[in-house]
Amino acid sequence: MHRLINQVRPYPWGARTAIPRLLGVEPDGRPQAELWLGAHPGAPSTVITPRGPFSFDELIAAEPEEMLGEHTVERFGERLPFLLKVLAAEEPLSLQVHPDAARARAGFAAEEAAGIPVTAPHRNYRDPFHKPELVLALEPFEALCGFRDPAAARADLDGLTCELAGMLRGDLGRTGVH
């Protein structure tokens, strides 16, 4: 077992005291929205080992089976197949909808083939992985659950001519979207 030093993401909607309280440190007055625990290249944890500190994603790349186990590597490849986030929201969050695994792979491949830079603000698929989510509330929490029927949502887009509306109509018109 190794100690992890994890990164805090300071998004404007974040609470100012919840994550510092969880970590046992003094708040600095700035919003601290997400504590990331994992090997995501955007904010990998630092792993403290007897040989010194290492970035978790680099340590997995160097020693995948030792860090993840043979079964995990066989099933998911040489990457940690999840990212644990502790969220502390002081303001409402934007709605996010994540694709299933097949759609994530196809969307990423299409945007790569189109030459859209991964950092482009209009890019939808920054990696080929799906992002299933689970919420475990540590204190009172309200969340939106459920979505409109895709056909009703598609009808709201009728008459709109922008490129995004066309793409959304196409997505909502596919069978199996729910």
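Within helix α5, the buried residues are A104, G107, F108 and E111, where buried stands for under 20% relative accessible area, exposed for over 50% and partly exposed for anything in between (1.4 Å probe, protein chains only). Viewed down the axis of α5, these buried residues fall within an arc of 100°, so they line one face of the helix; the arc is that of the directions from the helix axis to the C-beta atoms. An α-helix has 3.6 residues a turn, so residues three or four places apart point the same way. Helix α5 covers residues 101-113, 13 residues in all, and its first and last C-alpha lie 18 Å apart, close to the 18 Å expected at 1.5 Å a residue. That expected span is 1.5 Å times one less than the number of residues.

The model described here is predicted: local features need pLDDT of at least 70, side-chain atom pairs count only at pLDDT 80 or more, and totals for chains, interfaces and linings use all residues. Residues are numbered from 1 along each chain as its sequence is written, and side-chain values use heavy atoms, with hydrogens and water left out.

Turning to the whole chain, the protein contains seven helices and six strands. Helices (H or I, at least four residues) and strands (E, at least two) are DSSP runs, numbered from the N terminus. Buried residues make up 24% of the 178 residues, and the C-alpha trace spans about 60 × 40 × 30 Å along its principal axes.

An open sheet is formed by three strands in the order β2-β3-β6, with antiparallel pairing; two strands pair if DSSP finds at least two bridges between them. At the edges sit β2 (7-9) and β6 (84-87), each pairing on one side only. Strand β3 (residues 34-37) is joined to β2 by three bridges, and V8 has L35 as its bridge partner in β3.

The largest nonpolar core consists of eight residues: A39, V47, F56, L59, I60, L68, V73 and L80. Such a core is a set of buried Ala, Val, Leu, Ile, Met, Phe, Trp, Tyr and Cys residues joined through side-chain atoms within 4.5 Å. Its largest share, three residues, comes from helix α2 (residues 56-62). Leaving aside neighbours within four places in sequence, L68 is in contact (heavy atoms within 4.5 Å) with I60, V73, G77, E78, R79 and L80.

Finally, F129 lies in the loop between α5 and α6 (150-157). At 33% relative accessibility, F129 counts as partly exposed. Not counting residues up to four places away in sequence, F129 touches R79 and A104.
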